[in-house]
Amino acid sequence: MPGSRPIPTASARGWAIDPQTDTGVPALSGTPFSLAGRRVLVTGASRGIGWAIAQAISDAGAHVILSSRDAAVLADRAETLRDAGGQADIAAFDAATEAGASAGFKAATEQFGPIDVLVNNAGVGMRKAMAETTMTDFDRVIDTNLRGPYVLIQCAADHMAACGTGGAIVNIGSALSILGRENAALYGASKHALAGLTKSLARELAPSGIRINMVCPGYVETEMMTAQRADTAFDQAVCARTPLGRWARPDEIGGAVVFLASSAASYITGHLLAVDGGMTVSV
Ligand SMILES: NC(=O)c1ccc[n+]([C@@H]2O[C@H](COP(=O)([O-])OP(=O)(O)OC[C@H]3O[C@@H](n4cnc5c(N)ncnc54)[C@H](OP(=O)(O)O)[C@@H]3O)[C@@H](O)[C@H]2O)c1
């Protein structure tokens with residue numbers, strides 16, 4: 001049964017822990033922030049922000065189902081979580097197509113049991129001026145960042161309503177769900193649309209006891225941003241524009257997702273939580 005397994009301690013995961021106060025007891029155990037007993041599907045969990053979210057969710061005590069298109073990498077990631085004392089399985093599917101997302105979600109529930117939390121993290125970046133974008137670019141960004149998440153929300157909402165236990169959905173947006181910038185219109189449109197879904201569906205899903213929220217990261221050091229990080233002018237602009245003066249590490253996004261997925265956020269729905277070093281509240 002979920003929740004009966006030992007939960008890895010924060011120190012087992014290598015987080016910065018004060019040895020004077022670390023008792024070896026999982027930090028969230030017995031608190032409203034704990035995800036013990038929950039089963040959580042995380043898309044885009046093979047690397048970057050999704051992998052960091054999967055680790056944070058595992059640390060919070062949940063059974064994590066890691067998803068992306070790459071079964072071999074996912075298997076390796078799941079083993080890492082299990083080695084640390086977590087419960088983890090994989091569900092490999094293409095989340096950008098209707099058929100892939102719906103069949104993948106169904107297979108995951110059939111294989112592993114009811115899913116309590118969906119984290120819609122899989123996404124692609126696009127840094128191009130509108131004049132350079134093609135409709136192939138359009139389809140790729142919209143299919144991955146909007147169509148796939150929409151299909152998965154539909155599947156999860158149906159499934160959670162049928163289970164009758166409610167649930168939580170956390171979408172991963174962006175500072176570009178809130179702001180605009182040059183060379184990012186298509187990406188920003190996809191992330192603004194996901195914010196729109198989050199707000200409207202908060203109303204629609206509440207009667208079924210399902211909360212839906214969004215975490216909006218600023219600039220995060222992941223593979224998606226490799227080219228931007230190598231671009232000195234871009235890197236300096238990010239640091240200058242961000243009150244905390246630096247890019248985020250992927251592991252700095254997971255805590256917000258755990259919070260919104262947990263019963264600590266039981267009265268929060270339709271919310272956009274910026275995890276952006278203060279970027280979206282400053283000029
Ligand atoms: N990095 C940033 O600065 C930043 C800032 C704000 C928001 N975000 C958002 O955070 C999320 C994660 O970004 P990241 O930086 O971690 O990106 P990343 O390192 O490029 O990882 C993207 C993840 O999405 C998965 N994915 C992509 N297309 C997929 C598809 N068709 N089907 C299934 N999985 C797919 C990839 O898995 P496979 O390739 O293994 O399938 C991978 O696990 C995205 O939604 C992104 O828009 C990122």
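Beyond its neighbours within four places in sequence, I57 is in contact with L35, V40, V42, A62, V64, V257 and V258; contact means that the two C-beta atoms, placed from the backbone, lie within 7 Å. The model is predicted: local features need pLDDT of at least 70, side-chain atom pairs count only at pLDDT 80 or more, and totals for chains, interfaces and linings use all residues. Residues are numbered from 1 along each chain as its sequence is written.

I57 also belongs to the largest nonpolar core, which has 78 residues; V40, I57 and V257 touch the most other members. Helix 4 (residues 135-163) gives the largest share of this core, eight residues. Such a core is a set of buried Ala, Val, Leu, Ile, Met, Phe, Trp, Tyr and Cys residues joined through C-beta atoms within 7 Å, where buried means that 20 or more other C-beta atoms lie within 10 Å of the residue's own.

Around the ligand there are 28 residues, of which G44, G48, R69, G123 and T222 come nearest; a residue counts if its C-beta atom, placed from the backbone, lies within 6 Å. Helix 1 (residues 48-59) supplies the largest share of the shell, three residues.

The axes of helix 3 (residues 98-112) and helix 4 come within 9 Å and cross at roughly 35°. Helix 3 contributes E98, A101, S102, F105 and T109 to the contact, and helix 4 contributes R147, G148, V151, L152, C155, A156 and H159.

The table gives both sets by class.

Notes. Helices (H or I, at least four residues) and strands (E, at least two) are DSSP runs, numbered from the N terminus. A residue is buried if 20 or more other C-beta atoms lie within 10 Å of its own, exposed if 12 or fewer, and partly exposed in between; C-beta atoms are placed from the backbone. Axes are lines fitted to C-alpha atoms, for helices over the stretch in contact, and angles run from 0 to 180 degrees between N-to-C directions.
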